[in-house]
Amino acid sequence: MREYDIVIIGGGPAGLAAAVAARDNGIESILILERDKELGGILNQCIHNGFGLHTFKEELTGPEYAARFAAQVFARNIEYKLNTMVMDISPQKVVTAMNREEGLFEIQAKAVILAMGCRERSRGALNIPGYRPAGIFSAGTAQRLVNMEGYMPGREVVILGSGDIGLIMARRMTLEGAKVKVVAELMPYSGGLKRNIVQCLDDYGIPLKLSHTVVDIRGKERLTGITLAAVDEKGRPIPGTEEDYDCDTLLLSVGLIPENELSNGMGVEMSRVTSGPVVNESLETSVEGVFACGNVLHVHDLVDFVSEEAAAAGKNAAKYVKGAGTGSGHVIELKAVDGVRYTVPCTIDPERMEDTQIVRFRVGNVFKNCAIGVYFDDEQVMKRKRPVMAPGEMEEIKLEKGKLQLHPGLKTITIKVEEV
């Protein structure tokens, strides 16, 4: 059985950034396993711009952003295997994978970095009544068909869900000559970035209907139309609000789910909110020596933050392999309450953290003229005003090591949304 210091599962933006950081922190023996035929992950089909503003201080397309990180991997001679599917990872960090050249093989890793990304929620998860005709696609599948395969999914389009991929596909389909009739969103707020609502819907006159969902799908062979209805506070359709739309294509942009079958299989503790692993300040999961980063941990809004988080995971995995950073055993729990849905990380050991620790989180509703409050046990230590916070945009705070060390008996850090 071959042995590597660090095995990285996934060659997308998270896996590439983690590999580069691990090599730059002194680890020579690194292997990236990627199931696709090229590195770069989902970015290869995201041909729109808007990537890299934080990382490279310029606006890039998805493939350009991926290519920059791939070039860093090539320059460092980091080993990778393409067209390779990871089947299982044991709690002892034995990775079982397969490809056409080598068949089924096993690799022993000293540390594993999970960077598998996320997948789209399907129609089956939505329970939309009606027929099952052709013409219903997830937005990401449609994006791949248009941008990489050169196929046009349809001409008259309705989009359910206002996540970023759905918004971007509304613009993309319009530019390709289709008529996007409406974007419907179950929630009373959009799930996407504000800039995408402006650039992809408003600029093209595409209506966005909040608190609406699809209640019927028509058509036997090919989709011929759908029915939208308004919903109440509990998401139930309101009788009498139905509207019919003729269309040949329905795109679903109804949420992303971290790709965690491998994590579950090896017994990693999972968060009920994010559907990703529970991690500490080093982005280490409940299985020692197994780290997680990027969209497999929690769904990000910007790829720049994925790269930043993955670099931290790579650095911490390198420390683990070298036997550094055992910690003090003083674990502080982070609690998300009052409008804050979750935090990453979930626990912090002040001894092992860097001088500053970024804590990322999302809120559960749209809040205006509010503040983020941070409490050490019951004492308020930070209150930051925010003009608006929305579920589609990730928030963050920075914790300082020096301040945590001034509270030696600290048990919990609470983060919540407060009135100004």
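Author: A pocket is defined on a 1 Å grid over the protein atoms alone as an open set of points with protein on both sides within 12 Å along at least five of seven lines, where a 1.4 Å probe fits; its lining residues have an atom within 4 Å of a point. The model is predicted, so local features need pLDDT of at least 70 and side-chain atom pairs count only at pLDDT 80 or more, whereas totals for chains, interfaces and linings use all residues. Residues are numbered from 1 along each chain as its sequence is written, and side-chain values use heavy atoms, without hydrogens and water.

The second largest pocket is lined by 19 residues. Those nearest its centre are Glu308, Ala312, Glu354, Gln357 and Ile358. The space in this pocket amounts to about 400 Å³, a volume being the space filled by probe spheres set on grid points, which are joined across faces, edges and corners. In the lining of this pocket, eight residues are nonpolar, four are polar and seven are charged; here Asp, Glu, Lys and Arg count as charged, Ala, Val, Leu, Ile, Met, Phe, Trp, Tyr, Cys and Pro as nonpolar, and the others, Gly among them, as polar.

Helix 7 (303–321) and strand 23 (356–363) each supply at least two residues of this lining; helices (H or I, at least four residues) and strands (E, at least two) are DSSP runs numbered from the N terminus. The largest share, six residues, comes from helix 7.

Helix 7 also packs against helix 1 (residues 13–24), at an angle of about 40 degrees and with the axes 7 Å apart. Axes are lines fitted to C-alpha atoms, for helices over the stretch in contact, and angles run from 0 to 180 degrees between N-to-C directions. Helix 1 and helix 7 are therefore oblique to each other, since angles under 35 degrees count as roughly parallel, over 145 as roughly antiparallel, 65 to 115 as roughly perpendicular and the rest as oblique. Their crossing is right-handed: the near helix is turned clockwise from the far one by less than a right angle, anticlockwise being left-handed.

Strand 24 (residues 367–376) runs antiparallel to strand 25, joined by nine bridges, with Cys370 having Arg386 as its bridge partner in strand 25. These two strands form a hairpin with two residues between them, and in the turn Asp377 has a positive phi of about 55 degrees.

Another open sheet of five strands has parallel pairing and the order 10-17-11-12-13. Its edge strands, strand 10 (136–138) and strand 13 (208–210), each pair on one side only. The twist from one strand to the next averages 20 degrees. Five bridges link strand 11 (residues 156–160) to strand 12 (residues 179–185) in parallel, and Val157 stands opposite Val180 in strand 12.

Helix 4 (residues 164–175) packs with helix 5 (residues 194–201) at about 20 degrees, their axes 8 Å apart, which makes the two helices roughly parallel. Helix 4 passes helix 5 in a left-handed crossing.

Terms used. Pairing = 2+ DSSP bridges.
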